[in-house]
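Visitor: I have a structure open and want a quick tour. Could you walk me through some of its helices and strands?

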Amino acid sequence: MMMTGITAASALYSDHERAAETVAPHEGRHGRIVMYAYDGGNLSLRDEHAHLIDQLNFSFALIENGEATGDHWRNIEVVERYLRRNPHIDGVVSVGGWGAEGFSDACATAEGRQKLADSILTLMDAHGFVGVDIDWEYPGSSAAGIVSRPEDEENWYELLALLRAGLDERQSERGRDYLLSVAIGCGEEQLQAVNGGKLDKLVDQAVLMTYDLSGFDKITGHHSGLYPNEDRRNSGARAVKLMAESGLSEGKMLLGFPSYAKVWRQVSGGGTGLNQRAATSGNKSIGFDEQLALESQGYTAHYDESACAAYWFNGENFVSGENQRSIDEKITWLRANDMLGCAVWSWNSDPNSNMASMLDAALRK
């Protein structure tokens with residue numbers, strides 16, 4: 001039944017589409033580039049940018065009545081055709097996301113976990129994906145406003161074990177690798193809760209969501225700094241350190257990069273605007289192309305060397321994001337720490353692949 005679904009999906013593609021991109025762009029790149037693509041109206045997948053990535057995580061499948069579903073997807077046929085035209089890209093289906101209900105209820109029993117795992121794998125097969133990314137944010141926590149249970153974390157591992165078994169079975173039958181990934185929040189509480197050694201035995205990849213580390217209050221700060229400092233403990237390097245100490249291999253970790261910046265408005269206190277009070281939290285975001293244009297719009301660029309973080313200030317509004325320097329330094333750091341590579345949220349905020357191009361260039365140095 002599942003193989004029939006793949007065969008039917010393959011029939012959608014023309015000979016022209018099959019004959020497109022056949023190179024292996026990852027050769028010469030010292031690390032993997034994973035790009036999340038959100039099923040929004042602004043999703044742009046261009047063949048001329050395909051050589052910049054190794055993996056596309058299509059987001060998100062949701063959970064209804066204990067099963068994974070993609071019935072709400074608007075761009076699935078576009079994604080299927082794109083992956084078929086660019087066979088070097090591993091297509092992965094991401095399940096869940098911030099505020100997505102259903103995990104805790106579905107995983108509360110052994111029968112429920114099996115039902116959910118089977119439905120995820122069936123959905124993966126039906127659309128020709130070659131992996132699964134579980135975005136349960138976060139097991140045991142109700143921070144996203146979702147149902148949670150004390151036993152969620154253990155049930156998370158049990159669900160991953162079922163998925164691992166199903167993927168390994170397909171790998172044996174079909175002669176190709178199938179990927180299992182998880183996305184991990186990088187707040188202190190979430191990191192401390194993860195048993196990295198147990199996770200290491202189950203997954204191929206762990207996306208460390210080293211962004212949104214600030215922006216929820218009215219004090220400006222770095223939302224994706226690499227290093228901790230006296231003002232902000234949460235950072236990329238600290239997340240990697242805690243996960244490694246917990247037993248998760250650096251070679252399975254993907255450092256998260258945001259293609260969007262956070263904006264605080266009506267900042268008081270002067271100076272460069274950093275660590276100052278604003279009238280708003282950092283609840284507004286702008287895409288990567290907009291970040292590149294900030295200096296032409298009257299913003300002054302700044303760089304915090306202690307945090308390895310870029311930011312901009314125009315005397316009123318403060319912007320925290322990424323630039324060429326922060327990207328280069330983060331890539332140098334993750335390579336020195338033998339990490340698997342990087343993961344970007346999301347391609348929707350980098351439609352012209354300017355960030356993807358910078359990541360690609362840095363990983364080839």
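Guide: One definition before we start: two strands pair if DSSP finds at least two bridges between them. Keep in mind that this is a predicted model.

Visitor: In S12, which residue is the bridge partner of Tyr-303?
Guide: Begin with the strands. S11 and strand S12 (residues 309-313) pair in the antiparallel sense, over 5 bridges. In that pairing, Tyr-303 has as its bridge partner Ala-310.

Visitor: Which are the edge strands of the open sheet?
Guide: The sheet has 5 strands, ordered S10-S9-S13-S12-S11, with antiparallel pairing. An edge strand pairs on one side only. Here the edge strands are S10 (284-286) and S11 (300-304).

Visitor: By what angle are neighbouring strands of this sheet turned against each other on average?
Guide: The pairing in this open sheet is antiparallel. The average ignores strand direction. Its value is 30°.

Visitor: Which residue stands opposite Val-207 in S8?
Guide: S7 runs parallel to S6 (residues 179-185), joined by 5 bridges. There, Ile-184 stands opposite Leu-208 of S7. S7 also runs parallel to S8, joined by 3 bridges. In S8, Val-207 faces Leu-254.

Visitor: How many residues of strand S7 are buried?
Guide: In a regular strand, side chains alternate between the two faces of the sheet. Gln-205, Val-207 and Met-209 point one way from S7, while Ala-206 and Leu-208 point the other way. Both sets are buried. The count for S7 (residues 205-209) is 5 of 5.

Visitor: How many nonpolar residues does the contact of H5 with H6 have?
Guide: H5 passes H6 in a right-handed crossing. H5 contributes residues including Leu-116, Ile-120 and Arg-113, and H6 contributes residues including Leu-159, Leu-163 and Arg-170. By class, the contact has 5 charged residues, 3 polar ones and, for nonpolar, 9.

Visitor: How many residues of helix H12 are buried?
Guide: H12 (residues 354-363) is mostly covered. Its buried residues include Met-355, Leu-359 and Asp-360. Among the elements covering the buried residues are strand S1 (32-38), strand S8 (253-258) and helix H11 (324-336). The count for H12 is 7 of 10.

How values were computed: Residues numbered from 1 in each chain as written. Predicted model: local features only at pLDDT ≥ 70, side-chain atom pairs only at ≥ 80, totals over all residues. Heavy atoms only, no water. Left-handed = near helix turned anticlockwise from the far one by under 90°. Helix = DSSP H or I, 4+ residues; strand = E, 2+ residues; numbered from the N terminus. Contact = heavy atoms within 4.5 Å. Nonpolar A, V, L, I, M, F, W, Y, C, P; charged D, E, K, R; others polar. Axes fitted to C-alpha atoms, helices over the stretch in contact; angles between N-to-C directions. Buried < 20%, exposed > 50% of the residue type's maximum accessible area, 1.4 Å probe, protein only.
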